[in-house]
Amino acid sequence: MTKSDQPGSDGDDSTDSETAPQRDAREESEDFDLAESVTALSRLSSGWDRIEDLLVQVAGYAVQAIPGADGAGLTLSEMGRPDIIVKTADFVREIDDIQYSLGQGPCISAAATGTAMRSGSLSGDPRWPRFGPRAGRLGVHSVLSLPLQTPSGVVGAMNIYAHAKHAFDSRGEELGQMFAVPAAIAVHNAQILDQTGRLARKLQAALVNRPVIDQAIGILRSRSGGTAEEAFERIRSMSQAQHVKVTTVAQTLVDQAVFRARARRTSQE
Amino acid sequence: MSPADPLADQLAELTDALDEPGADLGAIIAVLADDVRGAVGSFLGLTIHLAVEGIPFLLTAIGGEHIYAATTSLRIPLHVPGSPAAGHIIFYAKNANAFSGLAHDAGRSPALTLHIILDQDLPQETDSVETNGHADQRDINQAIGVLIERGQLPDQAREQLTADAAENNIPVAEVARRLLNTLAPTPPGKTG
């Protein structure tokens with residue numbers, strides 16, 4: 001379901017002057033652009049190191065797939081809130097910054113409702129009374145916002161913008177929705193892989209740090225006989241008081257204890 | 001104590017070791033599991049296998065015994081360049097081919113420099129799903145700290161624990177725990 005029948009959205013009036021052969025040729029060209037973009041999606045997993053780079057690629061393919069588009073932005077959600085936001089052009093960054101600072105706009109609406117949002121005259125669109133006029137003053141008048149949905153729910157949204165008024169018609173929206181289906185899967189899988197990598201780095205850092213902390217806990221417990229929790233709280237307090245990391249405090253405690261042990265051995269020889 | 005308690009304790013201790021504002025390993029794992037569940041409807045759970053300098057660490061983070069119902073698994077390597085740790089994460093799902101799309105994308109990512117593996121890690125009923133590894137290392141390292149404070153160098157402390165374990169035919173971690181249990185509280189008025 002779409003929200004196309006809203007003030008400022010288009011219908012199909014933008015191509016009324018076409019002959020049937022001209023329309024067929026245009027649609028064939030648009031179908032080719034869509035097919036190329038979807039094919040590119042299946043290959044994009046081999047070209048990114050950061051998930052943001054992948055998302056920029058996806059947004060770029062969206063501009064290619066949807067007729068009339070001048071730029072695109074893509075937002076991934078995490079726990080229902082926007083998490084990663086990328087854009088293909090500076091003007092998109094400006095527009096989306098306005099949207100998220102206001103908490104109002106077509107991308108937010110698309111992600112929240114799971115339905116496409118289309119407008120051909122943002123400055124006069126009553127759905128976003130604060131966002132629309134500001135976008136219009138920046139020379140951006142048309143938008144197509146598409147939710148990125150997997151079988152289990154909305155994972156984000158894609159914003160496609162154009163400077164011209166009434167740039168997106170119902171066919172453009174249809175093409176966008178066809179592109180959004182594989183795009184959603186691609187970005188969601190990339191998000192999972194990115195999170196897996198992030199988890200790996202944090203777990204590994206924690207596992208590398210933990211031994212020295214436990215040794216420091218043992219040192220403090222040997223002195224005071226207290227529990228491990230009490231010893232760790234002492235380390236944490238020292239960390240906060242000295243404005244250094246817990247591992248730094250722990251390493252210092254261990255180093256000092258080893259130094260004393262060596263000195264004791266030396267004096268006994 | 002239920003399986004969930006030692007898991008939460010382990011993740012809390014590891015989060016403490018990270019010492020990063022806002023970092024909560026339990027929450028990170030929960031979000032990851034939630035996202036995998038969003039992509040794979042029959043997702044059952046995940047296990048994390050890591051080794052740091054040869055010492056293994058196993059974490060059944062999500063799913064517990066439910067993972068025995070898995071008919072498909074996806075193993076993704078966890079490798080951080082320059083880090084002494086390495087291992088893998090295994091996702092489990094009930095429906096065959098559930099991970100085919102994710103496997104395809106994972107296999108093409110340059111961020112994952114090692115090969116991903118499908119369906120080679122289906123858990124057997126005899127496999128333990130309890131968390132282990134970290135608790136043993138925690139107690140061993142605390143015991144090493146005790147011995148260092150008493151005048152031993154770190155290598156000597158490890159050797160003593162190992163020798164005591166061999167002499168008594170018990171695991172090193174058990175030797176460590178017995179040592180820690182001997183620590184007496186300091187009387188009031190004295191400081192450590």
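## Basis of the description

This is a predicted model, in which local features need pLDDT of at least 70 and side-chain atom pairs count only at pLDDT 80 or more, while totals for chains, interfaces and linings use all residues. Residues are numbered from 1 along each chain as its sequence is written, chains are lettered from A and ligands numbered from 1 in the order in which they are written, and side-chain values use heavy atoms, with hydrogens and water left out.

## Chain A as a whole

The secondary structure of chain A comes to 8 helices and 5 strands, taken as DSSP runs numbered from the N terminus (helices are H or I with at least four residues, strands are E with at least two). Along the sequence these elements follow the pattern α-α-β-β-α-α-β-α-β-β-α-α-α.

Of the 269 residues of chain A, 50% count as buried, a word that stands for under 20% relative accessible area, with exposed meaning over 50% and partly exposed in between (1.4 Å probe, protein chains only). Among contacts in chain A with a separation of 6 or more, 62% are accounted for by residues 24 or more positions apart, contact meaning heavy atoms within 4.5 Å.

## The sheet of chain A

Chain A holds an open sheet of 5 strands in the order S2-S1-S5-S4-S3, with antiparallel pairing; two strands pair if DSSP finds at least two bridges between them. Strand S2 (81-87) and strand S3 (117-119) of chain A stand at the edges with a single partner strand each, so one side of each is left without a neighbour in the sheet. From one strand to the next, the twist averages 20 degrees.

Strand S4 (residues 142-150) and strand S5 (residues 153-162) of chain A run antiparallel and are joined by 9 bridges, and a hairpin connects S4(A) to S5(A) through 2 residues. Within this pairing, Ser145(A) stands opposite Asn159(A) in S5(A), and Leu146(A) has Met158(A) of S5(A) as its bridge partner. Because 8 of the 10 residues of S5(A) are buried, this strand is largely enclosed by the rest of the structure.

S1(A) is joined to S5(A) by 6 bridges, the two running antiparallel, with Gly71(A) opposite Tyr161(A) in S5(A). Another 6 bridges join S1(A) to S2(A), also antiparallel, and here Leu76(A) has Ile84(A) as its bridge partner. Both faces of S1(A) are covered, with Gly71(A), Gly73(A), Thr75(A) and Ser77(A) buried on one side and Ala72(A), Leu74(A), Leu76(A) and Glu78(A) buried on the other. Helix H2 (residues 51-65) of chain A lies across strand S1 (71-78), S2 and S5 of chain A, running at about 135 degrees to S1(A), where axes are lines fitted to C-alpha atoms, for helices over the stretch in contact, and angles run from 0 to 180 degrees between N-to-C directions.

## Where chain B meets chain A

At the interface, 63 residues of chain B are in contact with 58 residues of chain A. The area buried between the two chains is about 5,200 Å², of which carbon and sulfur atoms give 63%; buried area is the accessible area (1.4 Å probe) that two parts lose on being put together, summed over both.

Between chain B and chain A the count is 4 salt bridges, each a side-chain nitrogen of Lys or Arg within 4 Å of a carboxyl oxygen of Asp or Glu. One of them joins the side chains of Glu20(B) and Lys202(A) at 2.7 Å, N to O. To the side of chain B that touches chain A, H2(B) gives the most, with 10 residues.

## One residue at the interface

Asn141(B) lies in helix H4 of chain B and, at 4% relative accessibility, counts as buried. Leaving aside neighbours within four places in sequence, Asn141(B) is in contact with Pro211(A), Asp214(A), Gln215(A) and Arg158(B).
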